[in-house]
Amino acid sequence: MGSSISKMKSPTKVYDSSWEIIDRDDPKLFDSGINETEKCALVPDKNADSQHLDKLNYTVMENKFVKLSPDSDWSEYTFVFASVSVGNIGQLAVDLLISSLSNTQKCGYLISNLVQPIAGHNAFVQNSSDISLSCELYENSNLKLVLMQQRSPLLKGKRNQFVQILSDFIKQEKFRESVCLTSSHAYERLDSQLTGVQCRYLASDESNKKNFDQNLNWKILEKRIDHNGNLSTDQDPSLDFFIPGGGISQKFYKSSIENSLNSTVLLVFAHEGNNIPETLQLVNYFNEWKNYLIKPSQWRIPISWKYLFGSTLDSAAQIY
Amino acid sequence: MSLFGELQFGFSRAVSDDEDDEFARVEPNLNFKRKIQWLEESTEKIEVDELILADGPISCAFLHVYLLNHLNESEKKLLGLSATNSEFKVFQNDDKTDSELNRMRKNLIYKVDNLNNKSYLVCEVFTNLKSNEFYDWIDQLWERVNFKACTILCSQNQTSYFSSNRQEFPCVKYLSSNKEMATADKCQRLEEPNFLQNLPAAMIQFCVLKKLEFTAFVCYSPSINVDIQSVKETFSGVSGLLKDKNIFKNDDLSKKCLLNVGNLVNSVSGLYM
């Protein structure tokens, strides 16, 4: 390898810059293949990469929720979280809840290697020196409510792990119930969904189902042919409920049933675009059930929604 | 509509197709993760006061011009390196000589002792890591090195900066764990709803987890390549904010090196054009 390189340029001695990064398959660099054992002092073992990966299945990022007050008791609380879904509606809805419900304070976060990292200043308070991260928890002790806001998507292939972490967290904190706010592709609607109220629910708890059906007059998400064109049979009833564009909501619902968790999924059908109207639909739908706010007009737009569609145009700029 | 006229489903900016995810194979290039090659084996962790992480070409150029260029061989010790491309591996020449390639395609990690009475670990990450590499890279670093504080340097294109105020570019903003930090003329706080992402954000999350102090500087640049003005502006911002804690030098040597920054950058990135 050393002799091949010297064909390109006469080497000059520098203090210790002899380490090279080489593409073994690069035909520009080598006339022939490298004899790894003869030429290279540091050759990764053939199994080194897999060993390296195995070792790092443990991660310093821990993948667990951190509570700012470790002694907080959230049993009997409601846990509400957003699924990253079409139009980011779930996340917009959680933003609205956090900014509108008074006395909602940050109470924890999730540092995880499953979520794309982002960091900025506090998304709800202007000129704050607090730092906002990808996944944060907010508590409203008056309403016995914990909200999780997720500001960035999951890394590819990490949904199952993330759902597992969520389910473990819900079990560990003994939440009375959990609610997933999400959305679904409007272009995948069935004929019966094209008109009328655009919100639907799924509930693992029978008493909630009864309340939704009889008192609130809500519609359960209709059964449908799945994406492979099959009408599901009784083999796996959870496949009846198909939420295209709904992120982890379908997996989470399935996991809730398997783990006997009291979970509800609330969704609204939406196209991509300006999704503020659909977000208001969803939070009003949720508020019909929970009555957190007396009037829908009390929803407070958070500062994190500033520049949702980009900066304002500079009026002084000469476009043409 | 595709070229053949058939209707294609729209796609969401938020989610990929759900039904593919469960059975999706991770793309082959995502299996490759950059490994940090440490030059010396050690069972003990190296202790430094502060980590300086430069992410991206503007930050790495800044580091080279205003810090590394001023340090001689005895003042900085090469501890480790990684490839600028995750599919490449590390080899050493038998005769331990340098070549043009030696200056290319490497991210270097130096230990600098006794600078302003502190020790530093200086990490270059010239080409941005892929999303599956951020945390892996931090794991590798933390496995070998203990640091008590972190300075992060990064850059973004000006189009990703949101503000209702008129802003001249390039400009430098900061995000810090120090709530008392006073702004400087050339370095204002990163206003909402702007945010950092990728490795800088992953490092910030790590610092929050480990309760380490951090200050992150982001240069919003109008250029898609490295330009001298952005590197200079980064210096103005960083030195203005850090004041007496500033370890970066601006002298004749820096000015001379700054004029060659284009060559430095192209020597690393040219093979990927």
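In this predicted model, the second largest cavity is lined by B:Ser59, B:Leu153, B:Cys154, B:Val172, B:Phe217, B:Val218, B:Cys219 and B:Thr234. Two elements of chain B, strand E7 (145–157) and strand E11 (213–221), each give two or more residues to this lining. E11(B) supplies the largest share, three residues. By class, the lining of the second largest cavity holds six nonpolar residues, two polar and no charged; here Ala, Val, Leu, Ile, Met, Phe, Trp, Tyr, Cys and Pro count as nonpolar, Asp, Glu, Lys and Arg as charged, and the others, Gly among them, as polar. The space in this cavity is about 30 Å³.

Rolling a probe the size of a water molecule over the atoms shows where empty space is left. A cavity is a set of points, on a 1 Å grid over the protein atoms alone, where a 1.4 Å probe fits but cannot get out, and lining residues have an atom within 4 Å of a point. Points are joined across faces, edges and corners, and the volume is the space filled by probe spheres set on them. By this rule there are two cavities of 30 Å³ or more.

The largest cavity has a volume of about 50 Å³. Its lining consists of A:Ser184, A:His185, A:Glu188, A:Arg189, A:Gln193, A:Leu221, A:Glu222, A:Arg224, A:Phe242, A:Pro244 and A:Phe269. Four of these residues are nonpolar, three polar and four charged.

Turning to chain B as a whole, eight helices and eleven strands are assigned (DSSP runs numbered from the N terminus: H or I of at least four residues for helices, E of at least two for strands). Of its 273 residues, 56% are buried, that is, under 20% relative accessible area with a 1.4 Å probe, protein chains only.

Helix H5 (residues 198–210) of chain B contains B:Gln205. This residue counts as buried because its relative accessibility is 1%. Its side chain makes a polar contact with the side chain of A:Ser134 at 2.8 Å (a pair of N or O atoms within 3.5 Å; within protein, one must be able to donate a hydrogen and the other to accept it, and residues adjacent in sequence count only if both atoms are side-chain atoms). Beyond neighbours within four places in sequence, B:Gln205 is in contact (heavy atoms within 4.5 Å) with residues including A:Met61, A:Leu110, A:Pro117 and B:Tyr135.

Residues are numbered from 1 along each chain as its sequence is written, and chains are lettered from A and ligands numbered from 1 in the order in which they are written. Local features need pLDDT of at least 70 and side-chain atom pairs count only at pLDDT 80 or more, while totals for chains, interfaces and linings use all residues, and side-chain values use heavy atoms, with hydrogens and water left out.

Definitions and conventions. Buried < 20%, exposed > 50% of the residue type's maximum accessible area, 1.4 Å probe, protein only. 1 Å grid on protein atoms, 1.4 Å probe; cavity = no way out; pocket = protein on both sides within 12 Å on 5 of 7 lines; lining within 4 Å.
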